[in-house]
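Morning, everyone. Please look at the structure on the screen while I talk.

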Amino acid sequence: MAEVKLRALGLREVDFGDFDRYLTALTEDGRKVEILCKNARRGKKQNPAARQFCYSEFILSERGGRYTLREADFVHSFFPLSQDIERYALACYLAEVAAALTTQDEDNPAICRLLLHALYALEGKKREPALVKAAFEWRVMAESGYAPDLSDCGVCGNMIEHPPVYFSVRAGTAADERCARRVGGYVRLADSTLRALVHVLTCEAGKVYAFALTGPAREQFCRMAEDYVQYHLGRGFDSLKFYHSVAL
């Protein structure tokens, strides 16, 4: 049985048997791993660093691709999120999306960085939850191979040099006004929506959530982000329903 050391963020917990628990975690390399935490539900055997929304240093035993917890120490705990139901519900949704976009076999460190920055933003309460959600949705899809194309017209192929710019969630492409009106299915982007999209898709990971948006542009940015995730992944998320039920 090999010893494995890694740093990872707990995404989800599932009770197993009478006393055990499985922890789904996202490694700093962007791989999803399932960790068996034996006796995790016995009072003296619990390790608070091996829980949901804890970013921790793990020492694991590995055999045949299966991991069992030996030790875990905190790097950072996002436990304060549990004290705010809206932010906790949103964190659960972001974690579920990250889990849907990662595997045990393929590295994607950008997703782990993006999720950690989102949780820091929610924990610090300096960013509006709805904008953190939408920014994460746009950028995580881009980092996973579903990046929207905003530079060229998806209909004629020419560069879009002047506004207005139109966008299709289904096509994942922009279009100029003439082409958008001709083929249909494209929605005109507000100028500030377009600027926010460009910022989120092109800035460094630490600045993804550093922007503000209000009014109809905010509603458009957020609505299209959610639709984009669900359409291109072809699924809904139970945690998203929970978030909508508690969001202010």
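Which residues touch the most other members of the largest nonpolar core? They are L115, F136, W138, Y209 and F221, in a core of 69 residues. This is a predicted model, where local features need pLDDT of at least 70, side-chain atom pairs count only at pLDDT 80 or more, and totals for chains, interfaces and linings use all residues. Residues are numbered from 1 along each chain as its sequence is written, and side-chain values use heavy atoms, leaving out hydrogens and water.

A nonpolar core is a set of buried Ala, Val, Leu, Ile, Met, Phe, Trp, Tyr and Cys residues joined through side-chain atoms within 4.5 Å. Buried means under 20% relative accessible area, with a 1.4 Å probe and protein chains only. A second, separate core has 15 residues, including A25 and F58.

Now L115. L115 sits in helix α2, residues 109-124; helices are DSSP runs of H or I, at least four residues, numbered from the N terminus. Its relative accessibility is 1%, so L115 counts as buried. Leaving aside residues up to four places away in sequence, L115 touches L9, L11, L26, L94, A95, A98 and F136. Touching means contact: heavy atoms within 4.5 Å. The C-alpha atoms of L115 and A98 are 7.5 Å apart, yet 17 residues separate the two along the chain.

Last, a helix pair. A135, W138, R139 and A142 in α3 meet L197, V200, L201 and T202 in α5.

Conventions:
Buried means under 20% relative accessible area, exposed over 50%, partly exposed in between (1.4 Å probe, protein chains only). Helices (H or I, at least four residues) and strands (E, at least two) are DSSP runs, numbered from the N terminus.
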